[in-house]
Amino acid sequence: MAGKTMQAVQYGSYGGGATALKHVEVLVPSPKKDELLLKLEAASVNPIDWKIQKGILRPIMPSKFPFIPVTAVAGEVVELGSDVKNFKPGDKVVSMLEIKKGGGLAEYAVSSPNTTAQRPPEVSAADAAGLPIAASTALQALTNCGAKYDGSGNPFNILITAASGGVGHYAVQLAKLANFHVTATCGARNIDIVKSLGADEVLDYKTPEGASLKSPSGKKYDAVIHCTVGIEWSKFEPNLSERGMVIDITPSPGTILSSFLKKITFAKKKIVPLLNVIKEEDLRFLVGLMKEGKLKTLVDSSFPLSRAEEAWAKSMDGHATGKIIIQIGDGL
Ligand SMILES: NC(=O)c1ccc[n+]([C@@H]2O[C@H](COP(=O)([O-])OP(=O)(O)OC[C@H]3O[C@@H](n4cnc5c(N)ncnc54)[C@H](OP(=O)(O)O)[C@@H]3O)[C@@H](O)[C@H]2O)c1
């Protein structure tokens, strides 16, 4: 592909939101010896993408400007580095691009085989593109809670906040597959959707009952997967079982301090900050569940690459129900 150009969407500095995204024609990247070149069919926008643009990981990320954002993608392998063994051109895959380098809002991107899994024909590119950040975070949070998917786990009570969101809607489905009793929070308009994903009890977060986080059937939570911001420990604490824990995927500095203090004081109730590290085996497991029809991606909305800025603005708005997908090339 040396010398070939492609359509891409990039930004040139921190800040600016959707209006700072520019459509450009750039060279197709070349895979290094341990990389794959993917022809992209779909990508999903995740909050981390626009948080990096805002500068929350400044100065480490982006690694340089201009920057092509987005890292959760699905597509087809078109070229292999000389050291890559387990893939061949034509393989359909789902992949997590290196977060520092981005590259997903483009027709082609390079990725590592260590964060790429094969995708069978039953799993569409759009459905798969939701998996690398959102579903894998839900999976890791549930693993931290002791979830097992072979029937050998404990039937825990779990609370999932923001269950209508990208991470939350996968967390509800995975928690049910692990045989957990699920209480979920979401806005009124999404209650039926969240119930249809399997939640046993759903609270409207804008009501006093929802804000209290109390289980309507009086259950104490063995674990909470906390997928939104702005809820204090004092709200979780009285609703936890004796050894209950909160897995916080949006930890503030205060959460990290609380977590440390609870650890050194051997507190029974814990708060655990989670930073997702994407692994090929997790992607493979999630793709397998999708193939079997046990896990689905709820698509909030879908945009062609030529309208990527609308997808970006929608994600920044914070009210997606499920995943925001960008369709690329033939994936349209
Ligand atoms: N630690 C990690 O590795 C990791 C990985 C992935 C994501 N995250 C973070 O996790 C957060 C969630 O990500 P996401 O992709 O799920 O976001 P998202 O898809 O943008 O979440 C949007 C959803 O959250 C709901 N929501 C907002 N505030 C709520 C509240 N107080 N109670 C209940 N529901 C609420 C919204 O419902 P309404 O429209 O009804 O308000 C909407 O459906 C983000 O901050 C993201 O950066 C962290």
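# Chatting through the model

Me: Which residues does Gln-10 touch, not counting those up to four places away in sequence?
Reply: Gln-10 touches Lys-22, Val-24, Pro-66, Phe-67 and Ile-68. Two residues are in contact if their C-beta atoms, placed from the backbone, lie within 7 Å.

Me: Before we go on, what sort of model is this?
Reply: It's a predicted model, where local features need pLDDT of at least 70 and side-chain atom pairs count only at pLDDT 80 or more, while totals for chains, interfaces and linings use all residues. Residues are numbered from 1 along each chain as its sequence is written.

Me: Okay, where's Gln-10?
Reply: Gln-10 sits in strand S1, residues 5-10. Helices (H or I, at least four residues) and strands (E, at least two) are DSSP runs, numbered from the N terminus.

Me: Is Gln-10 buried or exposed?
Reply: Gln-10 is buried, because 20 C-beta neighbours lie inside 10 Å. The rule is that a residue is buried if 20 or more other C-beta atoms lie within 10 Å of its own, exposed if 12 or fewer, and partly exposed in between, with C-beta atoms placed from the backbone.

Me: And how far apart are Gln-10 and Glu-309?
Reply: Along the chain they are 299 residues apart, but their C-alpha atoms are separated by 10 Å.

Me: Let's do helix H10, then. Which of its residues are buried?
Reply: In H10 (residues 308-317), those are Ala-308, Ala-311, Trp-312 and Ser-315. They cover an arc of only 100 degrees around the axis, so they are on the same side of H10. The arc is that of the directions from the helix axis to the C-beta atoms.

Me: What do the buried residues of H10 pack against?
Reply: They pack against S1, strand S3 (36-45), H1, strand S14 (299-304) and strand S15 (323-327). After H10 comes Gly-318, with a positive phi near 80 degrees.

Me: New topic: Pro-66, one of the contacts of Gln-10. Where is Pro-66?
Reply: Pro-66 is in the loop between H1 and S4.

Me: What about Pro-62?
Reply: Pro-62 is in the loop between H1 and strand S4 (72-80). The bond from Met-61 to Pro-62 is cis, with omega near -5 degrees.

Me: What's the phi of Val-70?
Reply: Val-70 has a phi near 85 degrees, which is positive in a residue other than glycine. Val-70 is in the loop between H1 and S4, and Val-70 is buried, since 28 other C-beta atoms lie within 10 Å.

Me: Now the ligand. Which residues come nearest?
Reply: Gly-165, Gly-166, Gly-187, Asn-276 and His-319 come nearest, out of 31 residues around the ligand. A residue is near a molecule or strand if its C-beta atom, placed from the backbone, lies within 6 Å of it.

Me: Which helices and strands supply at least two residues of that shell?
Reply: Helix H1 (47-54), helix H3 (131-144), helix H4 (166-177) and strand S9 (181-186) each do.

Me: Why does the ligand lie between domain 1 and domain 2?
Reply: Because domain 1 (5-130 + 297-331) and domain 2 (136-273) both give residues to the shell around the ligand. The domain bounds come from an automatic or database domain assignment.
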